[in-house]
Amino acid sequence: MNALVSLIVVAVLTAVAVAGAGARPSAFVLGIVVPYAAAAVFLLGIVIRVLRWARAPVPFRIPTTCGQQNSLPWVKSSPLDNPHTALGVAARMALEVLCFRSLFRNTRSELRDGPRLIYAENKWLWLGAMTFHWSLLAVVVRHMRFFMEPVPFPVLFALRMDGILEVGVPVVYMSSLGLLAAAGYLLARRLLSPQLRYISLAADYLPLFLILGIAGSGILMRHFTKLDVIAVKELAMGLSTLQPALPEGIGALFFVHLLLVSSLLAYLPFSKLMHLGGVFLSPTRNLANNNRMKRHLNPWNPPVRVHTYEEYEDEFRTLMKGAGLPLEKEPK
Amino acid sequence: MHDTGKILAGLAVFLALATSPLWYASLARSSAAAPRLDLPAAERRCVLPREVIRASHMQLLDEWRTQVVRDGQRDYVTPDGRRFDKSLTRTCLKCHSNEKNFCSRCHDYAGAKPVCWNCHVKPEDIK
């Protein structure tokens with residue numbers, strides 16, 4: 001049911017784009033107004049959410065300690081799994097962000113005959129997630145060829161590497177296949193496993209259907225239905241140079257692609273896709289375990305008036321002397 | 001303690017990357033206009049209609065290559081009955097005799113790197 005709701009949303013968006021592509025005024029809205037609005041919502045939404053996160057105080061270090069803490073010099077510590085320096089944290093975060101290290105530890109549990117509970121490693125989700133995210137990055141970098149003129153070297157390099165197998169004309173990009181296969185796997189996993197289907201919400205399916213729609217329409221345009229790439233770049237460059245214009249001869253499928261991308265961008269700051277920024281702000285990963293090495297002041301502590309022993313002695317020194325009590329400083 | 005400073009630095013990097021098309025376009029003084037092509041003066045009709053040839057010329061050339069190299073079949077008849085030799089050098093480049101002012105203009109604009117010139121000699125290099 002949840003999956004169906006999301007599928008209907010994507011189908012409605014597709015229908016809107018197909019209907020709007022035909023007439024010039026509605027194509028102008030779909031090709032220029034909607035992408036600008038989506039980009040604005042995307043940027044502002046992310047900035048506002050991250051600023052809200054940035055205001056949170058960090059009173060104490062709460063990293064997940066997955067290894068031996070740094071202590072005495074002869075106790076071997078685990079610098080990646082229990083970092084106590086900024087460098088260690090940077091390495092831990094890099095592995096987390098670039099290699100999804102936490103997900104690599106994914107396990108599954110099963111009840112076998114006996115009854116006997118067994119645990120086993122489960123790398124499929126990690127493999128699917130890695131393929132999906134890296135393919136998506138390659139796809140985004142490749143698409144910069146439409147938004148930049150002259151096409152800069154890193155983008156040309158990405159295009160070359162992605163199509164290095166030189167299969168087909170135009171070349172089939174590895175990331176197209178990777179994205180489609182991995183997103184398909186991530187969807188199939190939610191639909192086929194009863195436990196996962198039970199906990200999956202419409203908000204879990206919507207990004208998957210959107211991305212599958214985007215990848216599908218992109219591959220269709222590149223390899224099957226074909227379109228005037230020069231006109232598409234003219235449109236994209238119009239957006240980049242802030243001199244938007246709508247060239248003639250762009251097919252309906254392109255507007256479907258563009259509206260789904262715009263929807264994904266505008267939806268991102270309000271959805272679980274904000275893990276894009278959130279992954280960098282995971283306190284259990286991005287804090288050094290140095291609670292015992294440094295003093296961490298709690299920013300919301302009210303100022304406390306204290307009366308130290310020195311001040312106490314200063315106040316009562318003569319009386320204490322008279323009573324014969326031991327003193328730290330003798331009166332002059 | 002707050003980590004606001006570090007978070008703001010990260011946010012600035014994100015914004016710089018996310019708005020890269022805008023500042024790149026203004027730094028590189030890009031124009032939004034599509035490239036202008038040197039069209040052949042003598043011949044106004046290509047082997048297929050303009051929209052088709054624009055979108056699918058690479059597939060046509062790929063088919064031609066396979067048919068010529070593997071099957072030795074060189075005869076191409078257009079849907080409207082004109083006959084051509086299936087040859088990049090002798091048919092396409094006969095009219096489009098300047099690679100730099102025709103092929104490259106769009107390919108560079110779109111970031112496409114055709115593999116034609118791995119084997120073929122560009123017409124302007126012959127002279």
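The model is predicted, so local features need pLDDT of at least 70 and side-chain atom pairs count only at pLDDT 80 or more, while totals for chains, interfaces and linings use all residues. Residues are numbered from 1 along each chain as its sequence is written, chains are lettered from A and ligands numbered from 1 in the order in which they are written, and side-chain values use heavy atoms, without hydrogens and water.

The predictor assigns the complex an ipTM of 0.91 and a pTM of 0.90. Chain B has an average pLDDT of 90 (the predictor's confidence in each residue, from 0 to 100). In chain B, 98% of the residues score at least 70. Confidence in chain B is highest in helix H2 (residues 20-27), at a mean of 94, and lowest in helix H6 (residues 123-126), at 76. Helices (H or I, at least four residues) and strands (E, at least two) are DSSP runs, numbered from the N terminus.

Chain A is assigned domain 1 (2-301) and domain 2 (302-332); such bounds come from an automatic or database domain assignment. The C-alpha centres of these two domains of chain A are 64 Å apart.

At the interface, 44 residues of chain A contact 36 residues of chain B (heavy atoms within 4.5 Å). The two chains bury about 3200 Å², 69% of it on carbon and sulfur atoms. Buried area is the accessible area (1.4 Å probe) that two parts lose on being put together, summed over both. In chain A, A:Glu149, A:Val169 and A:Ile230 lose the most area to chain B, together 17% of what that side buries.

The count between the chains is 1 salt bridge (a side-chain nitrogen of Lys or Arg within 4 Å of a carboxyl oxygen of Asp or Glu). A:Asp228 and B:Arg54 form a salt bridge through their side chains, at 3.0 Å, N to O. On the side of chain A that touches chain B, the elements giving two or more residues are helices H2 (24-54), H5 (124-147), H6 (153-162) and H10 (229-240) of chain A. H10(A) supplies the largest share, 8 residues.

Some backbone details of chain A follow. A cis peptide bond links A:Glu149 to A:Pro150, with omega about 0°. A:Pro150 sits in the loop between H5 and H6 of chain A. Another cis peptide bond joins A:Gly114 and A:Pro115, with omega about -10°. A:Pro115 lies in the loop between strand S1 (107-112) and strand S2 (116-121) of chain A.
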